[in-house]
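Work through the exercises below with the model open. Try each task before you read its solution.

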Amino acid sequence: MATHVETGFLDDAERRYAEDLARLRLLLEASSRLLGSLEVEEMLPEVLALAGRTLAADAYSVWQYDEGSGIWSVAARSGLSDEYVARAMAAIRGNTATVSLDAPIIAEDIERTEWLTQEHRDAHAAEGTRSMMALPLRYGDRILGTLVLYYREPRQFDETEKSSASLLANIAAAAIGTAGLYQAQRRLAEDQRFVAEASELLASSLDYETTLANLAALAVPRFADWCAIDMVGGDGSIQRLTVAHVDPEKVRWAHELAEQYPPDPRAPYGVPNVIRTREPELFVEIPDELLREATADTPELYDILEELGLKSSMCVPLVARDRALGAITFVSAESGRRYEESDLATAQDLARRAAISVDNARLFREAESSRREAQESLAVVDAVFATAPVGLAFMDTNFRYVRVNEALAAINGLPSDEHFGRTLRDVLGEELASEIEPLHRQVLETGEPILDLQMELSGPTTQEIRNLLVSYYPVLDIDDTKIGVGVVITDVSELEQALAAAERSGARLAVLAEASQTLASTLDYESTLASLASLLVPNFADWYAVDILDDDGLFRRIAVVHSDPAKSEWAAKSRDLYPPDLEEDEGTGRAARTGEAVLYRTISDELLASSTKDAAHYEILHELGMESAMVVPLTAAGRTFGGLMLVSSDPARLYNEDDLEFAKHLGRRAAVAVDNARLYRAAEERARAAIVVEHVADGVLLVDQRGIIRLWNPAAAQITGLAAAETVGSSWETIADLARRGEPRPETQPVEINGRELWLSITGVGFDGGSVFAFRDLTAERAVEKLKSDFVSTVSHELRTPLAAIYGAALTLRREDVPLGEPQRTGLLEVIASESDRLARIVNDILWASRLESGTMRTIIKKCDGVEIARSVVEAARHYIPPSIELVVKAPKKAPLVAADPDKAHQVLTNLVDNAVKYSPEGGKVIIEITLDGPQLRYAVHDEGLGVPPAEHRRIFEKFYRLDPDLTRGVGGTGLGLYISRELLERMGGRIWVESSGSGGSTFVAELPIAPD
C-alpha cells in the first residue's frame, strides 16, 4: 500500500487497522476537495493522484463511458504508455463479453482471464501488466466509467483492498457525477442564453438571408464548431445559404467543397434526408463507416473530412406550415463536444423559431410584392385609360358619364371634363341615345358583354362618316354587384382604308413571292422571265415585254405577252422586228442606259410617235395599246442585263408611284435571278475545269506574267514531291525559261528536285494573265529505255564472247597447216561445248524472261523432293565451274517434300548457284544450306564473293538490273537471272531475298512451301 503508519504495532492486525484508518483519513480529506471541483477534466488527474496515495499499484487509469454512443475511452491515466491505451481502447470496442459492473472487476491473472479478448490480453502483456482491479464509477443509476488499478505481478485481492478501492471509486464517481451534472446545467443555461439571443436576432430583421447568416455566426463556437444552413429553392433544389466557422479560410474551403460536391437529393442521411422526411438527425459520434459510405464515389472527399476531425453532428429541419424550408446543421470538431438528446432539443427549438422567422419574412415579402403589383397595376390602368388610342368610358346605372378618356371625348366632340355627370342624351342627342340606351340596359340586366358592334357616326366638325367598332362590358364591384357599363369605342375608319391598301400590297407581295419562286426554280432565266407574264398579265398590266442586253451591247427581246389573244400577232411583230436600242431617248433603252426606272403615267400620241422608229413600229405599238407604262432596268452587282416593261392599254388604269415601286422590286428580283444564273453557269464551267485539273494525271501549273506560280495541281505535287504550299507564290526557273521563250511544243528536259533527277515532258500555252503548263513524268520510261539499251549492249557482249570462242576454236580445228594432237583437239572441242552451253544459258534466260513478261509461262505445282533438286543442280554445276570454286550442300537427312514445279525450282537454284559462282571471281566456297522454317523449305546460298551493297538489295531483282553494268569488276551477265528467280518463286508461292553487308560475300535465301500430307 502507498500509505504506511511508521509506529510499532503489537501484531499485523493492529498494523492493518492503523493503515486502513490512515487511508480513510486521506480519502475523507480528498473527498471534500474532489466534490468541490466542478470541472471533470481538472478533477480526473486529482482522482489518479489520490489513488496513488491511498492504493498501491503500478499504474492507474480512469475509463469514461459515453451513454449515447456506448463507447468506452481512457479519460485519464498514470503509468500507462500511449501504445497500450490505443490498443486497449480498440480491444474493448470489439469485446462482446458481458461483465457485471455491480462490484469490482478482478483479473488476478490477466493472461488467464477469459472475459478479456486476446487483443486486450496482448496489450496487457506488451505493457507488462499481470493483474488488475477495475472499480465501477456509479452515479445513481448511471455508469460513468471505471477506476482501474494495474499491477506488474499476479496477485490476489483481499476484501480490505476491494473495500478501500470501492470507497475511492464511490468518492470519485460522486465527484465526477456532480461535476458532470453541473456542467450539463451550465451548458443548458448557455444554450438557453444562446437560443434567447438567437430569437432576438431572428426577430430583428425581415431580411432572413442575412439574419440566418448571423445566426450561424452566433452558433460558432458557442454551440458548434461548424454551422451550415441550407434552404430549399423555388425549383425544389437544395441551396447552401451560409457556413460559419471561427476560421475564415475554412469557411471559404467549405463553400468550395459544397460547389464541388453537391449533396445527393436522394441520400438516406444528412441535409437531403432531413428536408425530405422533416425529421431531425443526431450522430452522437460520427462513425467512420458513415463517412466512407457518404464518400464512396469521391474517396478524395473522405480524406478531407477525416482531416477536419468531425466528432458529432445534428441536423434539424426548418419546418413552417407543414413545409420544409431548409435545414440547419451543427457539427462538433475541434472542441470535441458530443451532442446529446438535450442538445438536439435545443437545436429543434432554435430551428422552429428560425423557420417561423423565415416564413414570416417570406409572407411579408409576398404581401409587399402583391401590394406593389396592385399599385403598379392601378397605375398602369390609369395610364392606359388616359393614353389609350381607343375611346374608353365608364357609365353608371343611370347612364351618366363617370369617367371618359381623351380619345372618346374627341369622338364625341366634347371636352372630357364636360362629360362628367351628364347623360347619353345630354352628350349624344335623343336619336343616338335612344339606340344606345337599350344596349346599356341589356348589359346591366344580363351581365353579358356586347362585343364588336359596328356603327357609323358623322364627325363632330365635318359630315365625314366614321366607322366605329363598339363594345359594352358590365362593371362589377368587389361583391360582384353591377355598378355600371364600360364602353370601348375604336375608330376603324383608317383601318378600313389600310385594309384596302393592305389587300393591294398583299396581292403585290404574293406576286413578288411567286415571282421569286419562279425565278429561283430554274437556271434557264430567259424562259423564266417570259413566264412571269402569267403573274402580271392581266392583273397588273395589259401587256408585258422583257429585253435582254447581250455582250455585244444589243437588245434581244425575248418575250412580248398581251392579255388579248387577238393582239398576239402584233406582240410577235414587236418581239421579232423592233427590239429596243440602247441609245434611244425613252423606253427600255433609257432605263438600261441610265439604270433608273421610268414611269409614264400617261402616254400621249406625240410621245408615242416620237419614240417609234418608223410608221410600222408606230402601228404595232398603237395596236398593242399604250395608255400608261413603267420600264425598270434589270440591274444586279453593278451591271445592267436588260429591262422589263409593264404597259396598261386601259385609260382607267394609270400607273402611280406605288405601282412603280412594285415594278422596281420585281425588276430587282428578276435581275438577281439573271445574275445568279449567269454566275452559276460560269462557276459550273470553272468547277468542271477545276475538277479536270484536280484529277488529271499530268502535272498542271499556272504562272502569272512575272513567272510566279499561282496554281499547282495534285498531280504536279505527286510527280515532283513538292506540295502546293511550297510552290504557290514562288517561281520555277525551268518553267520561267519556257514562259519567256513562249514555245508551245512539248519539250523533254531533265529537272533536279530535292537531289532527285526527273525527266519531264513539258508543254505550255499562254494567255493574257500568264501561261499554263502541263508536264508528264517520263523518268520511269527513260529508265526502262536505258535498261533496254544496257541490256542490248550487255547481251551483245555476252553473246559475242562465247561466239568468238566457238568461232576461234572451230577455225583452229579446220586449219590443215597446224598439226593438232589429240589433247589439243579435245581441249578445243571442250571450249566449243562449254561456250555453247554458256550461249544456250544466255538464250534460255532471254526466253524465260520473254515468257514471264508475256504471261505464257505455265507452272505445274506438284509434290517433289526439294533436297534432291538441289543436289542435281550442284552436280551439274561441278562440270563447268572454275576449279577455284568449292560447292558444298548441307541438307537434313530427312526433309519433307515441297509443293513446286520441279523444272522451275531447278531453274531458280541453278540461277542462284551460277550467280554465286559468277560473283566469286577470286574463288572460294559456295554453300547451299537447306533448312526447315515452319511451313517453308529454305535454301540459303552463301558465297565469299563481292557482296551486294544494302542500297541495292531490292533493285537486283529488277529486270535487266546489274550490279556492274560497265564490267569494271569483270562480272558479266544479262541482268535476268535474279528477276527470273523472283518471278518463278512468286508463281510457286515462295519468296526470295538477299542478305549482305556489301562486302565479304552474300547469302541469297529462297523459300518454297512444304507440300501438304
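**Exercise 1. Find the handedness of the crossing of α3 and α4, then describe their packing.**

Step 1. The crossing of α3 and α4 is left-handed; that is, the near helix is turned anticlockwise from the far one by less than a right angle, where clockwise would be right-handed. Helices here are DSSP runs (H or I, at least four residues), numbered from the N terminus.

Step 2. Helix α3 spans residues 82-93 and helix α4 residues 118-127; they pack at about 165 degrees, with axes 8 Å apart. Therefore α3 is roughly antiparallel to α4 (angles over 145 degrees count as such). Axes are lines fitted to C-alpha atoms over the stretch in contact, and angles run from 0 to 180 degrees between N-to-C directions.

Step 3. From α3, Tyr84, Arg87, Ala88, Ala91 and Ile92 take part; they meet α4 residues including Glu119, His120 and Asp122. Contact means heavy atoms within 4.5 Å. By class, this contact has 6 nonpolar, 2 polar and 4 charged residues. Ala, Val, Leu, Ile, Met, Phe, Trp, Tyr, Cys and Pro count as nonpolar, Asp, Glu, Lys and Arg as charged, and the others, Gly among them, as polar.

The model is predicted: local features need pLDDT of at least 70, side-chain atom pairs 80 or more, while totals for chains, interfaces and linings use all residues. Residues are numbered from 1 along each chain as its sequence is written, and side-chain values use heavy atoms, without hydrogens and water.

**Exercise 2. Describe how α28 and α29 cross.**

Step 1. The axes of α28 (residues 866-877) and α29 come within 9 Å and cross at roughly 50 degrees. So α28 is oblique to α29.

Step 2. The crossing of α28 and α29 is right-handed.

Step 3. On the α28 side, Ile869, Ala870, Ser872, Val873 and Ala877 make the contact; α29 partners include Pro902, Leu909 and Val913. The contact residues divide into 8 nonpolar, 3 polar and no charged.

**Exercise 3. Which residues touch the most other members of the largest nonpolar core?**

Step 1. The core has 42 residues; Leu887, Leu912, Ile928, Phe1004 and Leu1008 touch the most other members. Such a core is a set of buried Ala, Val, Leu, Ile, Met, Phe, Trp, Tyr and Cys residues joined through side-chain atoms within 4.5 Å; buried means under 20% relative accessible area (1.4 Å probe, protein chains only).

Step 2. Helix α29 (residues 902-918) gives the largest share of this core, 7 residues.

Step 3. Beyond four places in sequence, contacts of Ile928 include Val874, Leu887 and Val913.

How values were computed: Helices (H or I, at least four residues) and strands (E, at least two) are DSSP runs, numbered from the N terminus. Angles under 35 degrees count as roughly parallel, over 145 as roughly antiparallel, 65 to 115 as roughly perpendicular and the rest as oblique. Buried means under 20% relative accessible area, exposed over 50%, partly exposed in between (1.4 Å probe, protein chains only).
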